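Dear colleague,

Please find below the structure that I am handing over to you. My notes on what was found in it follow directly after.

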Amino acid sequence: MVIRNRAALPLNMQGIHSQAYQLEPFVLALKEDPERHELEEKVVQDCRYLISTLHAVAREHGLVYLLYMADSFEYVFNLVDTGKIILNLVHLGFVVELCHVLVANSKSIADFENDAQLEKVCKKLAFELLRTVPREDSREKDGQKGQGGLDVSGGNASFLSEITAMLDTVEQELVLWDYIALDLSRVDILAGLFGRLDSHFSLYGFPEAARICQCVEATLKRFTQGEHFYGEYPERVLIRTLDALRTGVDQLTVWEHNDIQDAEKHLQAIQGLMHKPIGELLVQAGLVAQESVDEALELQKQEILQDRPRRLGELLIDMGIVSEDELNHVLGKQLEIKNQLSFIETESDGKRLSALSVGIQEEDLQLQIPSTVATPLFSLTTQLWNHYSTDSQAPDALLQLKQLCEKLCKAQPDQIVQRLKQAAHDLAVLHGKRIHFVVRGADLDMDRMVLYHSFPLICELLANSIEHGIESEKERISQGKDITGQVALSFLNQANELWISVEDDGSGLLLDAIQDVARKHLDRKSIDGCLASGNGAADLIFYQGVTTASASGRGNGLLGARDSVEKIGGHIKVLSRQGKGTKITLQLPFYRGKMQPDVKNHS
Amino acid sequence: MAKNVLLVDDSSTMRKIISRSLRQAGLEFGDIFEASDGAEALDVLEKESVDIVLSDINMPNMNGIEFLREKASRDAIKDIPVFMISTETGDDIIGEAKSLGAVGALKKPFTPDKVNEVLGPLM
């Protein structure tokens, strides 16, 4: 889990702001009088400094759009340095614009505001700057053939290593697909990764690879929004796509006109994952004639050739053939049909309720209805139910609905436990630890929503125990412990609370070290508050900035864990003994059979 | 004694998935070797001590069927059992693989349970 150190960002952005602010007048002066060589030297030097700062900050905080911009300026300045191009007025104009963007937006960047809009601005700037670089020049001079593609030797080494690293991460995720497919937040991260790949590829002029990544991103997003994959083996398509991208990257030097082999085939396969293509759906819905779709497809092909890949839906809207509402309607309908759910509308006290009524099959209940649908449904039904003071007053339909919801929300602990076991095993292998993992009390009749809600947190706790808690085999032997570390996950029903605990017999928390780190990051009041709490100093591990990995063997993946549990009225208890182990218990305030009226807020 | 396994698949990701399934299935095995096509697989078989081969069918350079044919012609390695792991389920292609000496076939995707059930007896 990437935790960005947000606290440092405002300060970093302030630095960038002042650098850019100071640089701008010099660039303008040089633009006025390009003959002032002493000025040129200063401008180039300061520019490089600004860009490298920008690069470092963007990387540290995961601000991808700033990274592109820094990348492209770095690329151009590298070319200037190596004498491949000469710094000209156009470049200076871009530097002025860079300064403008940074000065005007440093605060929003620090506040993570307007990300989407800033991304557009930065990408455009990066694109247009790169466009000014005549690509063939340097290669033809070197006696190499080819147009487009990358000069891998120079400024693009960073592009290559970044892409390769991203593809490796994608692979790691895909290997664990059966496990990550259950955790939508992880699928979302994977989608984001493809989004970044898309931007990288398009930025460096590989439209087909970009389009494939864009398509995978969209497909995974649809999956997280509750659509189902067609066919029983979706990961195969994803794996093939990954292989194709990898082959493409491996052959980068010859990756010119045809950047991905059989790109069209891969695209179709990915699109095929989510049943029917949008064109077909629109024709079927009678909103668009087949000829118009063909026309749009033709246009799409041409635009791809001109490095401007766009989605079919977008094109159809632009061509005035279909409206955005119609398109969304069809997409929504598809989702509805796919889930085989029919919707009814119930009128109650002026409130309208869209709810599931019929058509839910027994097998549909098996973890296939996404929590994005089930949770609000559960909540709405409960709100409605709570409206009646006694059960007998409620209409029969509502009773049936409530029963269906309860069914829908019943967990399938077996499957989840199986996944957790796999995850624990994989984590142990990954970190070279030897563990024995046991699960207790998984046969409890648990609430699916609770389990879903806490699933990422359980994973995080497990990861912490395995990665940081359990010592290496060597350390365990030297401490006289059994060579195999024990990690236990238990579920317990305690007076209408569900207690989920993760326990290990590892190194425990080094509370003194944690307090030391905390003193540097937190104010006195928070620290005192923690020390006075039931958990004592251990509570500090849930605070931002208290990165105790090196000191105590805990990462800071627990950041926000306490908040998320407390938000739903629960508690986290930490018990730790140095050298003996750690036990973290989530005490969650609901248990099956007791419907909470405000479940909606929990997600 | 734990058996050494050779995985033959052109996708490195797929090879990782297969070896993960083997681990999850709880099967005892020794070293895992990897090859990305039939020709590479033959090389590995000549050089290393492999007890069982798990091979894909569709691969570039030398596919699974060609691999089986070539392997059968080499005395030193012809008796090493080969198990096909593939999305190909057509009876004729599986039949052809079996007639060339493949000892069984497993269809992708597979669960650890299935792997255990099918490969367990061979391990």
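Where in chain B is the place of B:Asn61? In this predicted model, B:Asn61 sits in the loop that runs between β3 (52-55) and α3 (64-72) of chain B. The backbone there deserves a remark: B:Asn61 is not a glycine, yet it has a positive phi of about 60°. For background, most residues other than glycine have a negative phi. With a relative accessibility of 69%, B:Asn61 counts as exposed.

**Chain B as a whole**

Chain B contains five helices and five strands. Along the sequence they follow the pattern β-α-β-α-β-α-β-α-β-α. The chain has 123 residues, of which 48% count as buried. Taking the contacts in chain B between residues at least 6 apart in sequence, 65% join residues at least 24 apart.

**The interface of chain A and chain B**

The size of an interface is often given as the accessible area lost when the parts come together. Here, chain A and chain B bury about 1,500 Å² between them, and 49% of that area is on carbon and sulfur atoms. Chain A brings 17 residues to the contact and chain B brings 15 residues.

Seven residue pairs are in polar contact between chain A and chain B, counting pairs with both residues at pLDDT 80 or more. On the side of chain A that touches chain B, the elements that give two or more residues are α7 (157-175), α11 (234-250) and α19 (413-431) of chain A. The most comes from α11(A), which gives six residues. By type, the residues on this side of chain A divide into seven nonpolar, two polar and eight charged.

Two salt bridges are found across the interface of chain A and chain B. In a salt bridge between A:Glu171 and B:Lys16, the N to O distance is 2.5 Å.

**Salt bridges and their network**

Side chains of opposite charge can pair when their charged atoms come close. Over all chains, the structure holds 20 salt bridges.

A:Glu171 also meets a partner in its own chain, forming a salt bridge with A:Arg246 at 3.2 Å, N to O. A:Arg246 lies in helix α11 of chain A and A:Glu171 in helix α7 of chain A, so this pair ties together parts that are 75 residues apart in sequence. A:Arg246 and A:Glu171 are both buried. A network of salt bridges links A:Asp168, A:Glu171, A:Arg246 and B:Lys16.

A:Glu471 likewise takes part in salt bridges. With A:Arg476, the N to O distance is 2.9 Å, and both A:Glu471 and A:Arg476 are buried. With A:Lys481, the closest N and O atoms are 2.7 Å apart. A:Lys481 is buried, as is A:Glu471.

**Cysteines**

How many disulfides does a search of the whole structure find? The search finds zero disulfides over all chains. For A:Cys215, the closest cysteine sulfur is that of A:Cys213, and the distance of 9.8 Å between the sulfurs is too far for a bond. A:Cys215 counts as buried, at 12% relative accessibility. A:Cys122 is buried too, with a relative accessible area of 1%.

**A strand residue in chain A**

Is A:Arg577 buried or exposed? A:Arg577 counts as exposed because its relative accessibility is 57%, over the 50% cut-off. The residue belongs to strand β6 (residues 571-577) of chain A. Leaving aside residues up to four places away in sequence, A:Arg577 touches A:Ser507 and A:Gly508. A:Arg577 and A:Leu510 are 67 residues apart in sequence, while their C-alpha atoms are 8.4 Å apart in space.

With kind regards

Notes
Residues numbered from 1 in each chain as written. Chains lettered and ligands numbered in written order. Predicted model: local features only at pLDDT ≥ 70, side-chain atom pairs only at ≥ 80, totals over all residues. Heavy atoms only, no water. Disulfide = S-S within 2.5 Å. Buried < 20%, exposed > 50% of the residue type's maximum accessible area, 1.4 Å probe, protein only. Contact = heavy atoms within 4.5 Å. Buried area = accessible area lost by both parts, 1.4 Å probe. Salt bridge = Lys/Arg side-chain N within 4 Å of Asp/Glu carboxyl O. Polar contact = N/O pair within 3.5 Å; in protein donor to acceptor, adjacent residues only side chain to side chain. Helix = DSSP H or I, 4+ residues; strand = E, 2+ residues; numbered from the N terminus. Nonpolar A, V, L, I, M, F, W, Y, C, P; charged D, E, K, R; others polar.
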